[in-house]
Amino acid sequence: MGCEEMFEAVSHPLRVEILKKLAERPMRFSELKRELGVESGGKLDFHLKKLEGLVVAGEDGRYYLTRDGYAALQAIEAIKKYGWQKRAYILNLVAYVIANVYGALSRFDLWLWTVLPLSTAWLVFYTYWTVKKRRALGW
């Protein structure tokens with residue numbers, strides 16, 4: 001299964017929940033339907049078919065995650081964990097630029113002795129924390 005197919009398969013919140021439930025333990029169709037609170041068997045069947053390659057039905061009637069299913073679940077968790085950190089870092093960079101441009105243009109002396117050193121110290125610390133401690137940017 002390629003990346004495009006995998007991301008298409010997990011593009012619906014119910015499918016992600018299916019993967020999470022099956023990661024806990026294999027389940028039969030009716031048990032999965034009850035655990036997820038899905039009213040329609042047709043709806044669950046539709047989403048299980050979309051997860052082909054990530055979920056497989058065993059001979060015992062239970063649904064299991066495949067190796068790709070576990071990998072997709074790990075990818076989802078990694079995106080949730082690190083996606084916000086990259087956006088927060090970018091927002092910090094934007095705030096740094098705006099504060100320094102505004103400060104330099106409005107009160108140069110105050111900016112030079114206060115805003116520039118403090119904001120630069122913050123950005124250096126935040127970069128260190130994001131890159132070294134969180135390993136969020138992949139550097």
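**Note on a predicted chain**

1. Of the 139 residues of the chain, 29% count as buried. Buried means under 20% relative accessible area, exposed means over 50%, and partly exposed lies in between (1.4 Å probe, protein chains only). This is a predicted model: local features need pLDDT of at least 70, side-chain atom pairs count only at pLDDT 80 or more, and totals for chains, interfaces and linings use all residues. Residues are numbered from 1 along each chain as its sequence is written, and side-chain values use heavy atoms, with hydrogens and water left out.

2. Look at the overall shape. The C-alpha atoms fill a box of roughly 75 × 30 × 25 Å along the principal axes. The radius of gyration of the chain is 23 Å, whereas a compact globule of 139 residues would have one near 14 Å. That radius is taken over C-alpha atoms, and the globule rule is 2.2 Å times the number of residues to the power 0.38.

3. Next, the secondary structure. The chain has six helices and three strands. Along the sequence they follow the pattern α-α-β-α-α-β-β-α-α. Helices (H or I, at least four residues) and strands (E, at least two) are DSSP runs, numbered from the N terminus.

4. Two strands pair if DSSP finds at least two bridges between them. Two bridges join β1 to β3 (residues 62–65). R28 stands opposite R62 in β3. Strands of a sheet pair through backbone hydrogen bonds, either parallel or antiparallel.

5. Now helix α5, residues 67–106, where A75 sits. A75 is partly exposed, with a relative accessible area of 26%. A75 and M6 are 69 residues apart in sequence, but 10.0 Å apart in space, C-alpha to C-alpha.

6. Contacts across the sequence also deserve a check. Among contacts between residues at least 6 apart in sequence, 53% join residues at least 24 apart. Contact means heavy atoms within 4.5 Å.

7. Finally, the surface. The chain exposes about 9400 Å², and carbon and sulfur atoms supply 62% of it. Accessible areas come from the Shrake-Rupley method with a 1.4 Å probe; for residues, only the protein chains shown count as cover. Y128 lies in helix α6 (residues 108–133). Why is Y128 called partly exposed? Because its relative accessible area is 43%.
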